Amino acid sequence: GLIRRGELGPVHAVDLTFHNAYGPDKAWFYDPAQSGGGCVMDLGVHLVDLALWTLGWPEVEHVSANLFAGGKPVADPGAQCEDYAVATLELAGGTVVRLACSWRLPAGQDAVIAADFYGAEGGAAFRNAGGSFYDFTAERFR
């Protein structure tokens, strides 16, 4: 749509958010040997996929992240799954993608879900409405 048509100009920044006020109710989600990871694998990956698809699948050149479990930095990713994560992806062409995701974050609503895209000619946002997992708004910023 509007991003691929270039209506925002070159997109230089993407902010992705997926906070779930509840955590998974199955123990295997919290075992990295069974789940492969925590909230990033469960929630964040879907927004990263959305951003990369929207931008035409640019190469990811660099990733940095901070992972937390129970409010403390993850000491052993092989033994702990993160329940809060912040990651930065640097893409070919210079676009920077920031991701924040969590399980059980006291965000004041059931979920905070958003994908915000910013270019030199404007911005666009896809966000959940009122904490819903099903109702979303789309906005264009000039």
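Over which ring does the charged end of Arg 4 sit? I looked this up in the model, which is a predicted one. The ring is that of Trp 53, and the charged end of Arg 4 lies 4.8 Å from its centre.

**Entry: nonpolar core.** I turned to the largest nonpolar core, which has 26 residues. Val 14, Leu 16 and Phe 117 touch the most other members. I noted that at least two residues each come from strand 1 (11–20), helix 2 (39–54), strand 4 (84–91), strand 5 (96–103) and strand 6 (111–119). Helix 2 gives the largest share, six residues. I then listed the contacts of Phe 117, leaving aside neighbours within four places in sequence; among them are Ile 3, Leu 8, Val 14, Ala 51, Leu 55 and Gly 122.

**Entry: aromatic pairs.** I found five aromatic pairs in the structure. Phe 29 and Trp 103 are edge-to-face, with 6.3 Å centre to centre and 85 degrees between the planes. Phe 29 belongs to the loop between strand 1 and helix 1 (32–35) and Trp 103 to strand 5, so this pair ties together parts 74 residues apart in sequence. Phe 29 is buried at a relative accessible area of 19%, and Trp 103 is buried at 3%.

I next examined Phe 126 and Phe 136, which count as stacked because their ring centres are 4.7 Å apart and their planes are at 0 degrees. This pair links strand 7 (residues 122–128), which holds Phe 126, with strand 8 (residues 136–141), which holds Phe 136. I recorded Phe 126 as partly exposed at 38% relative accessibility and Phe 136 as partly exposed at 31%.

**Entry: ring cluster.** Finally, I traced a cluster in which ring pairs link Trp 28, Phe 29, Tyr 30 and Trp 103.

Terms used
Residues are numbered from 1 along each chain as its sequence is written. This is a predicted model: local features need pLDDT of at least 70, side-chain atom pairs count only at pLDDT 80 or more; totals for chains, interfaces and linings use all residues. Side-chain values use heavy atoms; hydrogens and water are left out. A nonpolar core is a set of buried Ala, Val, Leu, Ile, Met, Phe, Trp, Tyr and Cys residues joined through side-chain atoms within 4.5 Å. Buried means under 20% relative accessible area, exposed over 50%, partly exposed in between (1.4 Å probe, protein chains only). Helices (H or I, at least four residues) and strands (E, at least two) are DSSP runs, numbered from the N terminus. Contact means heavy atoms within 4.5 Å. Rings of Phe, Tyr and Trp (its six-membered ring) pair if their centres lie within 6.5 Å; planes under 30 degrees apart count as stacked, over 60 as edge-to-face and the rest as tilted. A charge sits over a ring if NZ of Lys or CZ of Arg is within 6 Å of the ring centre and within 35 degrees of the ring normal.
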